[in-house]
Structures are given as structure tokens and as C-alpha cells.
Amino acid sequence: MIYLDNAATTWPDPEVVRVMTETLNNCSGNPSSLHGPGRAAARVLTVSRETVAKALGGGIVYFTSGGTESINWAIQGALHVKRHKGRHIIATAVEHDAVLAPLRELANAGYEVTLLAPDKSGQISPDALVNALRPDTALVSVMLVNNETGTIFPVQEMVRLVREHSSALFHTDAVQAFCKIPFTATDLGIDLLSVNAHKLHGPKGVGALWVRNGLTLPPLLKGGGQEAGLRSGTEALHNIAGFAKAVELAAARFEETTAHLNALQACIREALPTAVPKARFLPGGAPHIVSLSLPGAKSEVLMNFLDRQDIAVSHASACKRGGRSHVLSALGLPNDVIDGTLRVSFSRDTAFEDVDCFVRALAEASITLFPSL
């Protein structure tokens, strides 16, 4: 299998699997218990929290079931904190559905939602954000790296401008950015930030919500008082330990991995135009994501062809099944470009031979399946 869908999920690192297995076998106590096994589990929980928080530049992290939960909690919590300020929310039209779906529900409940449209390069103008701010704006949510195109948004500049013009809280979905591009939550200056583990060779089913010092959210889940009383329920310690190990490995290998991802990007951008002249690259930026299109082709047909050759790519977000990509539609791309789009995404495990095989297979598919293009 040639796996080129790492923006959907990554294969767990063997070291992560080892740590998870050891935690399950040797540290099965409840972190809230006061006896020896409980104290041992609590130490693992504390060290894991410190590891993830350190990678984000300090601050407080609360463990969740994944990026979607972290995002939903951030939105709900921010609006509760700012409930006396207003009911206006700003986001972008290219956010992940984990942001857009709750915003649609909030709009139905009487909130006003402004979605900023990208320009043709895929970027969101900081000036457009400033122009959209209102006295009753309670929350701004802008992702750091787009999950379909890889576009990197100027979040730090946006936060600075929001601070100058508003008291709204700022949240960013950093699921595709964490350990992929250089940043810390503290340097960005944000209030809330969402990440997960399975995009960086960690386990599925665990993520974190970063909260700046001094900001207090209402509880998401009430019960036994875990996660400082904000998310009750016994912690999935093996997942959390695996998450921390994945972060530790990613941080240690960051420069090496970034250089490798950039080299893979250069490889595909050099090889594809010669092998598939009709193909075109869409706007991007992050080193691990390449969005490309064969206009006039059908991405589902291309994906099926590639799948039969044991090459895994995607059309858009793995969380969106069916329907045209809202991200690509927001870019104003022609339908034939949108319908022929593939997302190729790399990890530190991706080999140059994988890229070569993909390019050759796509060339074969274009000739075999769409000879008139």
C-alpha cells in the first residue's frame, strides 16, 4: 500500500503503540484514585499534559476525545464567556465541518454568523476580518492550516488586529498545523486552540483543547470532576500517553520531517506537469498537503483507479462523504476543476518512490480513463 492520505489520518508510530500497550498493561489504575496504582496513573497523566502543553508553548491543555470535541467545546465555551457581549460570530467559509456545523446550529438558534470568503489564492484577508468585526462580536474562529488545500492563514496577524479592535475571543483549529508548521499557541496570541493526536502518528480518539492562562471555560461534562472539573469522566490514559509520545517524537524530529516533506512537495511539483500536462496545482502552503486537479476528470473515478493499484489518496476531507467540497467551492473554482481534484498528503513515513508511483499511476489513469482531456 502506498499511503498518501495522511491529512485524513496517520499510521501510529511503533513507539506510540509500545507506550500505549505498556500503559494498558502496567498502569491501569484510575488517576483519581488515591492508592498506589492511582497515583502512578496520575503521574502519567500529569507528565503527558506537560508534554503536550510544552509543545504548544505553555498554557493549559484539557484532554478530549479528539479535534471535533475540542472545537465544539471551544465554540460553546467562548460564547458562554462572552454571553453578555453579543451573539455575533466570525469564521471563514473554508473551516472544517467541525466548526461550520455547530455554527449553522447556532445561526438557527438566533446567533449571527459571518463567514469570510477566501480570495482566488485561497487566502483570507486580515482586513476583511477587521471590517467584519462588530461591537457585538463574541468569537472569531480561524483555522491555522486548511485541511483540504494546506493553505496557511495569517492567524497571528489576525489575532493582533482583533485585539486592537475588539474584545472578542479568538479560537483556531490547529489540527492540521500541530507539529506540521512552526508555531506556538502563546506566540499566536490566541485564546483557544484545538488539536488532536491521530494527525501526527498518535492514536485516534484523543485530542486536546488549549486554553490561555486566565480564561475560565464552563464545564463541558459534569460528574466526577476530572480535567480540573471541566470535562468529567475517567481519562483514557493509554490514549493520552500515546498522544504525548507522538508529540514528543514529532517535536524531536520536526526539522528533519519538515525538510523531508518540503522535498516531497518539490518532487511532485516537478514531476507531475511532465507526466500529466493537463493537471494543475491548487493554492496551498503547508508542506504535507498537495491539492491538485485534472480538470474534466472525476476524482471518484481517479481514486478508484488508484485504489486498485493500492495507492490511497482522497478527494477532500475524509469527514465529508459525498457532495462537492465547500472549501473548493468557496475558492470560486470552476466545477470541472473541483470535480477533478485530489488531495495528496505526506508524512515522515512517505518515500520518494511513493510519489513516483502516484505520478505514474495518475498519468496512466488520465490516458486510460479520460483520453479526450
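**Entry 1: strand β6**

I began with strand β6 (residues 169-173), which is mostly covered, with 5 of its 5 residues buried. By buried I mean under 20% relative accessible area, by exposed over 50%, and by partly exposed anything in between (1.4 Å probe, protein chains only). Helices (H or I, at least four residues) and strands (E, at least two) are DSSP runs, numbered from the N terminus. The model is predicted, so I note that local features need pLDDT of at least 70 and side-chain atom pairs pLDDT 80 or more, while totals for chains, interfaces and linings use all residues. Residues are numbered from 1 along each chain as its sequence is written, and side-chain values use heavy atoms, with hydrogens and water left out.

I looked up which way the side chains of β6 point. Leu-169, His-171 and Asp-173 point one way, Phe-170 and Thr-172 the other way, and all are buried. In a regular strand the side chains alternate between the two faces of the sheet.

**Entry 2: neighbours of β6**

Strands count as paired if DSSP finds at least two bridges between them. I found β5 (residues 137-141) joined to β6 by 3 bridges, the two running parallel. Ser-141 has His-171 in β6 as its bridge partner. From β5 the chain passes through helix α6 (residues 155-165) to β6, a right-handed β-α-β crossover. Right-handed means that, with the strands pointing away from the viewer, the path from the first strand over the helix to the second runs clockwise. I also found β6 paired with β7 in the parallel sense over 3 bridges. Here Thr-172 stands opposite Leu-193 in β7.

**Entry 3: positive phi**

His-201 sits in the loop between β7 (192-196) and β8 (207-211) and is buried, at 4% relative accessible area. Ala-228 also has a positive phi, near 60°. Ala-228 lies in the loop between β8 and α8 (237-252) and is exposed, with a relative accessible area of 65%.

**Entry 4: cysteines**

Which cysteine sulfur is closest to that of Cys-267? It belongs to Cys-357, 11 Å away, too far for a bond. A disulfide is a pair of cysteine sulfur atoms within 2.5 Å, and I count 0 disulfides by this rule. Cys-267 is buried, at 18% relative accessible area. Cys-179 counts as buried too, at 16%.
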